Amino acid sequence: MKSFLEQVRAGEDGVLVMGNHPRIIQSMLDFDYLSGKNAPSVRALITGNRKALKCFWGKKEILIPCYANVSLVPEERAKRVRWMLNVQSGRRAFDSTVSFFEAFPEAFGGTIFAENVPEKHATELIARYGATKLLSGPASVGILVPRALKLGAIGGVDAVQIEKSHLTLEGSIAVVSTSGGMTNELIHGVAASGKGVSFALAIGGDRFPVASLSEVLAVIENDPHSKALAYFGELGGVDEYEIVELLKSKKFTKPVIAYIAGIIDEAFDEHMQFGHAKALVARQDESARAKREALRAAGAIAPDTFPEFLAAFRKTPGGDIVAPMGIADDLKSRRESILSTREIINVDTAPEYVKNGALVSQTGSFSRNILSALLARKPKSEVTVAFADAVFSLLIDHGGAVSGAVNTMVTARAGKDMVSSLASGLLTIGPRFGGAINESARTWNAGFASGVTASAFVEQETKAGRLILGIGHKKYRIGLLDPRVAALSQFATLLKNHPRYDFARQVEEVTTAKSGSLILNVDGIIASLFTDILSECEGFTDAELKALIDAEFFNALFIIPRTVGFISHFLEQKENDEGLFRLPEDLLFTRKPEK
Amino acid sequence: MPRVKLTEYQAKRILLGDAYSGVSFSSGETPTVSGDGPFVVKVDQGIKKRMKQGLLALNVAGTDCVSATNAWEGKGFANFIVEPMLPHDASEERYVSFERVRDGIRVLYAREGGIEIEEHPDKVETFLIRGAGDVSVVSTKTGIPHTFIESVLSAFEKEYFAFLEINPLVIQNGEIHLLDAAVLVDSSAQFFANGWSASDIVKQAKKHPREAAVEALAETTPASLKLNVINPDGSLYFLLSGGGGSIVIADEAELLGMGKEIANYGEYSGGPTREETYLYAKEVFALMLASSAPKKALVIAGGVANFTDVKTTFGGIIDALTEYADALRAGNVRVYVRRGGPNETEGLARMGTFLEKERLLGSVYGSDAVITSAVDDAITYLKS
């Protein structure tokens, strides 16, 4: 029916995790690493509140990217995704599974870990994906193809378990179980018998597993690596009669060794509900004894005791496995870091500045180096460097009257040190002073992307009672233009396209029709042009631009140069040393308390 | 999660809406009924075969509804329902049930009402509803009005019904009467359903206090914690992990002829924390101390776990054992262990050292031994 297993063994192992379960994910990476793969099978996680999950790849730490929803996964991460691991709660399992297959219609299948998935959701998943995908669960610990794919907790989460159970070596016995814990017990038992597993799948103990027993058996029948089936079932339900039918009709031709648990139910006066939802005898043919006998009658080996069941593995046709041991021990000593960073600049070497008594001309400028450090990539275009340089130079200061400069000077006059005075000035930066560039970038970027007209946009913002950051100035107006804005706007002529800048200018046209002071201000022009430059000259994608905005990057364009300005004001105050600043009383409007 | 029973009152409210004239009442309450009756008064706690058990009173006058329940209160029942009695002929009674199955809603129908369908398979017709066309077929072949089947399907769709049995069902002049309706809803869907909530699930008659305690604990964790008290004076006590592994171990006890000695069955799984395991284990130990058996064995066992941490969960069990060690030793208790999984080596070593120090040690096995090793040893001890 499905040649999934052969494709997986050929390397189609890409997994997208819906939700986050660090221990299971780490075990998948350990499996991949111990199997000798070049890269982890886990491509990305879909989970909120974080951008990356730190894991070990071997002994080295790596970051696996996380995205808030499937549509945000970048193409190069998405293109080889073949499997879903769903570790979300029972409530969310259905919606997240549907969103995965809508985004990845070509995916082979997946596994749903959660218990408590409503029956209706499970039957709906069967109707949608039962015929075309290999989807195990709900309540499944996963799917395992030794050496090729470990999808879920199946086989254990310890590196030592992975090695001990021969998970990285291809074997000959297919393992299928309703119970997650017993899936692992069987995998372990197969390894202990000297054999290995060819394929394992935990069906899950829920009433309506998406991948039914018949479907899983069809996969095994068509798998040349699987020479026999080891099956664990329980009392309750009639699924095992599917095996009986397949054996009788010769649709399943490989030896079946089965253990059906639940003889204990006969010791009680009434049928008992056991651990799994399905584990309750409702009719006589659902008892462990009845199912065991039916399997035997159809030719399966179905022992009465568990030790006899394990002993039967030895007699299956496939060959033995000799496993090298001790490789996983190496992973035991690893220790997790508690903070992640990157090397901002190369701290081990320094350029040659002076040679033979003469200056050596430098390839990097201060602005260029600042951009490299902030963006974690070297600028490709001179336009970017020149624009940053212009912004840094223009924004060093804007006179002593602005609030941040006043605070710096007042603090300096109170006798404080440089860092305190500077901090006092920097802490003034916010939405009304200097800190509007970032929000302005968000406005232009979102406005342009949404496709609304500038007038509709202004209307919508006004109605919502929001200010448009990047528009308006206290001093400059139509007829008295901000010289910095005029100078910077020339950069637009160097770009092929400047949609965010255009949008900003269109908005300005609408707002200045209302009031001459509602012009595009310096924050607004920097925000619009720098986003356009990063997009066109540096190849930033929309998602990357959005990530920069979310991290408040664009405010750095103000904070960096203005730090220089504040320090200059501080030095000036120290030089003049006029004593403590005090506001004259007549400049205060003081309201008297009511009598 | 398993299917759970809805009260008959709430089931009929959902199916019939305001057209339903039954009234629900609890011990100590007087139901407000309209008209003089006669009425039917019933226990509404998910009990099967109420007629046979005498938990149903026919032909009750409006003023006698409360007194009709007196005898039932004596038996521990507390929730009742009163409905107007429908005069009808026995030949008008039919049987119908609807159940959610893998590929649709399965309908079982019998022309004869009040029967046990398991005992009369020849009288039962089976249909499968997968779409609108199937509804017409069922309606035509059974005579059940189309609109009623639609309202049942809507309850399966919106209210997450899993099973509905109406036995008997009476149709008079095209109008439908549900003399008795039993509904199982999917407890996993409580969050999504609007027509019922936890308070509409029938309260099972008296639970063992330890079972109730574990049930309350289980509601506060995503891990799975279950406990059934089977024989309060049994000698074989289980602290098992895993839905499947726990049955294998219990099976072994039955195979060795000790099924009747099993005091409790239950399991913890799905990665409970140390604290949760501690609280769970304490309930089992309290059971052991209450047992009159002269010699007792505790089996702490399970399969090779996928992700439940052996060190963490055994930490919780040791915390609980520490509190009970003296009493357990005085009660001739021996402890037998078999477990595998993440951090197996450390977990087993700690457990072994602890049991030896407390002179409770029977045996300790890891994943290299067969899953049934510990229970085998425990039974040898009990038989010795």
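Mentor: Happy to, and let's begin with a proline: Pro138(A) sits in the loop between β7 (134–136) and β8 (143–145) of chain A. (Helices, H or I with at least four residues, and strands, E with at least two, are DSSP runs numbered from the N terminus.) The peptide bond leading from Gly137(A) into Pro138(A) is cis, with omega near 5°.

Before going on, note that this is a predicted model, in which local features need pLDDT of at least 70 and side-chain atom pairs count only at pLDDT 80 or more, while totals for chains, interfaces and linings use all residues. Residues are numbered from 1 along each chain as its sequence is written, chains are lettered from A and ligands numbered from 1 in the order in which they are written, and side-chain values use heavy atoms, with hydrogens and water left out.

Chain B has a cis bond too: the one from Asn167(B) to Pro168(B), with omega near 5°. Pro168(B) lies in strand β9 (residues 161–172) of chain B. Back in chain A, Glu552(A) is not a glycine, yet has a positive phi of about 65°; its place is the loop between α22 (542–550) and α23 (556–576). As background, most residues other than glycine have a negative phi, and most peptide bonds are trans.

Now for the meeting of the chains. Counting contact as heavy atoms within 4.5 Å, 50 residues of chain B touch 60 residues of chain A. Together the two chains bury about 4300 Å², with 57% of it on carbon and sulfur atoms; buried area is the accessible area (1.4 Å probe) that two parts lose on being put together, summed over both. Arg102(B), Asn306(B) and Phe307(B) supply 18% of what chain B buries against chain A, more than any other three residues.

The interface holds 5 salt bridges, each a side-chain nitrogen of Lys or Arg within 4 Å of a carboxyl oxygen of Asp or Glu. One salt bridge joins Lys120(A) to Glu157(B), whose closest N and O atoms are 3.2 Å apart. On the side of chain B that touches chain A, the elements that each supply at least two residues include α6 (146–158), α8 (243–255) and β15 (296–304). Of these, α8(B) gives the most to that side, with 10 residues.

By type, the residues of chain B's touching side divide into 22 nonpolar, 12 polar and 16 charged. (Ala, Val, Leu, Ile, Met, Phe, Trp, Tyr, Cys and Pro count as nonpolar, Asp, Glu, Lys and Arg as charged, and the others, Gly among them, as polar.)
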